[in-house]
2 protein chains.
Amino acid sequence: MNASSDLQATLDPSRKSWVESANNPTGDFSIQNLPFGIFSDGLNATRRVGVAIGDSIVDLAALESAGLLSVPSTGAGDSVFVRDALNDFIALGRDAWRSVRVQLSRLLSRDDATLRDDAELRGRALIRQADAQLHLPVQIPGYTDFYSSKEHATNVGSMFRDPKNALLPNWSEMPIGYNGRASSVVVSGTPVRRPNGQLKLPDQERPVFGACRKLDIELETGFVIGAGNALGEPVTCADAEAHIFGMVLLNDWSARDIQQWEYVPLGPFNAKTFATTISPWIVTLDALEPFRVAQPAQDPQPLAYLRHDGEHAFDITLEVTLRPQQAKEASTITRTNFKHMYWTMAQQLAHHTVSGCNTRVGDLMGSGTISGPTEDSFGSLLELTWNGKKPLELREGGTRSFIEDGDELTLAGWCQGEGYRVGFGVCAGEILPALK
Amino acid sequence: MNASSDLQATLDPSRKSWVESANNPTGDFSIQNLPFGIFSDGLNATRRVGVAIGDSIVDLAALESAGLLSVPSTGAGDSVFVRDALNDFIALGRDAWRSVRVQLSRLLSRDDATLRDDAELRGRALIRQADAQLHLPVQIPGYTDFYSSKEHATNVGSMFRDPKNALLPNWSEMPIGYNGRASSVVVSGTPVRRPNGQLKLPDQERPVFGACRKLDIELETGFVIGAGNALGEPVTCADAEAHIFGMVLLNDWSARDIQQWEYVPLGPFNAKTFATTISPWIVTLDALEPFRVAQPAQDPQPLAYLRHDGEHAFDITLEVTLRPQQAKEASTITRTNFKHMYWTMAQQLAHHTVSGCNTRVGDLMGSGTISGPTEDSFGSLLELTWNGKKPLELREGGTRSFIEDGDELTLAGWCQGEGYRVGFGVCAGEILPALK
């Protein structure tokens, strides 16, 4: 067996795990998935690298110190798994990620007795997710957010500019993006405080200061840079995917009223810098490989630096639920798919770097709001309620135009394989009232 | 003497140094200045903290290990001065910065024999700037750029939008800003490669790909965050200056043609992410204290969260020179002053955080292009040549509408005291041809 066939074997749909919860056909964390994250638990408060499997987490440092897991190109005694972020592991490069994936897939497979039959080590190396705390998986040197859903750009353009010319001419020529604020990217579960800011009310000449009245989500995914590029050395479209470690769910919380008043001419700022939530597990591109599909046809054909052969979209089902504070039941408010995105991740990265801009390991690149073609597949309340004109009816808790205090918003996403899923877990946040 | 009077004494205009070059009345690095940076030299390649004095650099780690400099709140044996960035030193807080300033001012003053008469230590602790290499002074977790010159915003609005309504209504209500790209901030002296990108030519329906034809500078200053704020906890306007460590010169290189095609609706991206140059020395707010002046009157009166009492502008003379590749002489292309800025640094930081956005030690906040009221005091070639319509006549090397390959652009800035200067040194970069 060579490295390539070993990697291929980790995707075998028939592979099952001795961690029985991983074999649930609608569970996120199958043995085909093996996403990376940072966790701690009640017995050990040290933040360290883990991989999700079923309802548990594998402690990679524990496996490494037991001699069951080795990482190419690290010195003896220095573990990249005892870290509060994945960056040092990611920086080892794709061969290292793949080697760890192959070793874990084997160790966790039903047929492998090594860990399965070692109760003592299993007790140390397998932690129940219910007993663990998950942390921000990467230290994020830079955060960029794109705007790559044609449906979203068209919807927003219709509402805020001109329905007849909703899509601006530059949109079809490049993956429009802007620099986000990395400092306020938080992990799923972190409460989010409703921002204060300047609001321009239609009946008043000057803005007023107060709590955002149009708080919104943006349903996005993000990709994490696995190999950076030097300043002045662009990444080509053909090479771009090799620079990507994996993907997360991303909620680009947005204060629509603050945004509308501030965003001309330099773009969104305070409307989005107060928080961005990501899911704690990074699903590798290797795990997503079976779900690769063709991207939408692009017309006009992009300029040469944005062209690539083959399929570069991924079939990822996405949904968002909203649960009011007192409600028992959450309501699904949208369901869509990542495959609708007009610009691919490879095109986004090629465009980002074509000017010479450098990227670094751990950089986060948001997809932009993912809206599908139908009214129930839009990726923001702005679009779902058409700027509040058509409130949504919840299963429990009344109606919503925008988010109310105490609401919990949860993004979920998964790829459906034959008898298994490669899932992202959830990306959730509850809204706290604004500061007085 | 208490801490406050000790600090006051460091600003005494009559204080002279035994480093004679520091007493040059038009030199940047007087004993009143004492700016912090990171350097290495031929004898010692380790990057470490230095303070500029005259034509030399004081090696703080050398003074510390000799027992002449002590830093509050650091453990024994662990020096914050042997670091490749100032962040750990800055994170110690304002009392530590001030204590080090007071100790250095005393050690370097003409009356103090301790270091002056210790030739052996002086040989180790005093490095000539000509023999040293200067590095990026801080690791920058986040970079934000404001747009706070009324003259600049009016000029750009006149050219790109509507001369009759050049200033957008939100501009007078808040310090408009946007997230910049931190990864490509480089130190003065780093060559800058002309970016490639999409250009929309007036006579063609679709954009073409190619080298920027309208490469420009933006003359700015930047401030460096000395004390961050937690997510959800805004910094008030009254507290803001206590969160600032110091200031640098900043050249926000801009590709005007790329910018004009890409910037609607999310703001500048590839037009500015290819490089931002800062000066290597951070001049502390303490050193700038004598040059505090009143900011321009603000009309309308800002909303309450943007109001502050007292004087919050600084009298800093700024100039830019351009030297073509073969030229011996550089031409001064603009001269202006930081005091013209409409929004203060305190207001910028209060606005940045009012939504709850967190900042971190080392964050860099650009002022925005600093344009004065007259045509020879504009802070960009875009304005100086009115988008190329009125080329500048150079003393040597012809005319310029925008920057040509091989041109070296140099920003300089200083505060003029009585018989001494508090200067920033230079912020320079030479343009390399675009990649083919």
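## Contacts across the interface

In this predicted model, the rule finds 23 residue pairs in polar contact across the interface of chain B and chain A, both residues being at pLDDT 80 or more. On the side of chain B that touches chain A, at least two residues each are supplied by strands S6 (143-146), S7 (177-179), S10 (196-199) and S11 (208-211), and by helices H8 (256-262) and H10 (345-353). The largest share, 3 residues, comes from S7(B), and the residues of this side divide into 32 nonpolar, 20 polar and 7 charged.

The rule also finds 4 salt bridges across the interface, one of them joining the side chains of Arg181(A) and Asp363(B) at 2.6 Å, N to O. In total, 59 residues of chain B are in contact with 59 residues of chain A, and the area buried between the chains is about 5300 Å², of which carbon and sulfur atoms give 58%.

## Relation of the two chains

Chain B is superposed on chain A by a rotation of 180° with 0.0 Å of shift along the axis, at an RMSD of 0.0 Å, which is the relation of a two-fold axis. The C-alpha of Gly267(B) is the nearest to the axis in chain B, 2.2 Å from it. The same surface serves both copies, since 100% of the contact residues of chain B recur in chain A.

## A mixed sheet in chain B

In chain B, 5 strands form an open sheet of mixed pairing, in the order S9-S26-S25-S20-S21. Strands S9 (192-193) and S21 (331-337) each have a single partner strand, so one side of each is left without a neighbour in the sheet. Strand S20 (residues 317-323) pairs with S21(B) in the antiparallel sense over 6 bridges, and Thr321(B) stands opposite Thr332(B) in S21(B).

Key:
Residues are numbered from 1 along each chain as its sequence is written. Chains are lettered from A and ligands numbered from 1 in the order in which they are written. This is a predicted model: local features need pLDDT of at least 70, side-chain atom pairs count only at pLDDT 80 or more; totals for chains, interfaces and linings use all residues. Side-chain values use heavy atoms; hydrogens and water are left out. Copies are superposed by least squares on the C-alpha atoms of residues with pLDDT of at least 70 in both. Contact means heavy atoms within 4.5 Å. Two strands pair if DSSP finds at least two bridges between them. Helices (H or I, at least four residues) and strands (E, at least two) are DSSP runs, numbered from the N terminus. Buried area is the accessible area (1.4 Å probe) that two parts lose on being put together, summed over both. A polar contact is a pair of N or O atoms within 3.5 Å; within protein, one must be able to donate a hydrogen and the other to accept it, and residues adjacent in sequence count only if both atoms are side-chain atoms. Ala, Val, Leu, Ile, Met, Phe, Trp, Tyr, Cys and Pro count as nonpolar, Asp, Glu, Lys and Arg as charged, and the others, Gly among them, as polar.
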